Amino acid sequence: MRKSTIIIFSSLIVLACGAGKNVKKDYSKAPVEKYMKSISPEDLKKHLYIVAADSMEGRNTGTPGQKKAGKYLISQYQANGMSYPKTADGWYQKVPSEFMSRAFSPKLGDSENIWAFIEGTEKPDEILVISAHYDHVGMKNGDVYNGADDDGSGTVALLEIAQAFMQAKKDGYGPKRSILFLHVTGEEHGLHGSRYYSEHPLFPVANTIADLNIDMIGRRDDDHASNGNYVYVIGSDRLSTDLHNINEAANKRYTQLNLDYKYNDRNDPNQFYFRSDHYNFAKKGIPIIFYFNGVHADYHKSTDKPDKIEYDLLSKRAQLAFVTAWELANRENRPVVDKDGK
């Protein structure tokens, strides 16, 4: 009697589990805010004190310090149960020294882009890219240029955004479109890694719906000295009205940052739109957003250290990138390209 009861009960469990697999999740009920808040100041700080440590020797392109930082990034993706794209040979996209050679510039060693991947559940062939460069400028006169903000902040934001998506996936809310988390190399020397990817894409350019690029989001500039609740948004409207509106709506609903478009002005003398890795995607007609905190007194100096990062701000800006990515990955239609990028 007891044995039979156990068999019947076990069978019911199997049937219930099998039935659960066929239930389609209602994404309108997904606890997005819970996943967003898993991008925490504490975790970002933990990662950044490693990525921007003196032991990484400033992460100059192709150096042992940069490669060491890259191994740490990979270890964190593995700890989260993630892998590289199944169509890739491994975690690295090799970027050869010859590709990065420029007249009158120092010779760079062979380097690597690093990629992690979550395959989409419904539209796996459509790809959202979230990018940040993990290189910096190395050492000068014995001083380590840690690059905590530039771009350690974006680098660790990618790690945390990825873990948030993986948490959602474990709850049955895996992204409907695929997401490529792309750490690019050689940005400081000429946007080389993103240029290499754009010319040797793992996925067809036509299938890439957008690039969200994160480069310096851990500090504030002089224009916002009294209020850090902002982020500069660059390029969101240059190729796609949809993308601009999606970011605006995500911010209004979840993060309530002041979206500052000062540097999106076509006549701005800084021309930041052309100065980070998103531009190599925009040149291919892929809608982009560049999230940025502006320059500060420690920009490209040995004083750009982890203890100067405002981790609450870094968290909130990374959360905005996440909720925008969430909408892009899960909405019915990809953002329409309705502008020429100029």
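By class, six nonpolar residues, two polar and one charged line the largest cavity; Ala, Val, Leu, Ile, Met, Phe, Trp, Tyr, Cys and Pro count as nonpolar, Asp, Glu, Lys and Arg as charged, and the others, Gly among them, as polar. This is a predicted model, where local features need pLDDT of at least 70 and side-chain atom pairs pLDDT 80 or more, while totals for chains, interfaces and linings use all residues. Numbering runs from 1 along each chain as its sequence is written, and side-chain values use heavy atoms, leaving out hydrogens and water.

The lining is made up of Tyr197, Ser198, Pro201, Phe203, Val205, Thr208, Phe281, Lys284 and Ile286. A cavity here is a set of points, on a 1 Å grid over the protein atoms alone, where a 1.4 Å probe fits but cannot get out, and lining residues have an atom within 4 Å of a point. The space inside comes to about 40 Å³, and a search of the whole structure turns up one cavity of 30 Å³ or more.

Eight of its eight residues, 111-118, are buried, so β2 is largely enclosed by the rest of the structure; buried means under 20% relative accessible area with a 1.4 Å probe, protein chains only. Ser111, Asn113, Trp115 and Phe117 point one way, and Glu112, Ile114, Ala116 and Ile118 the other.

| Partner of β2 | Bridges | Opposite residues |
|---|---|---|
| β1 (residues 92-95) | four bridges | Gln93 and Asn113 |
| β6 (residues 177-184) | five bridges | Ile179 and Ile118 |

Terms used:
1 Å grid on protein atoms, 1.4 Å probe; cavity = no way out; pocket = protein on both sides within 12 Å on 5 of 7 lines; lining within 4 Å. Points joined across faces, edges and corners; volume = space filled by probe spheres on them. Buried < 20%, exposed > 50% of the residue type's maximum accessible area, 1.4 Å probe, protein only. Helix = DSSP H or I, 4+ residues; strand = E, 2+ residues; numbered from the N terminus. Pairing = 2+ DSSP bridges.
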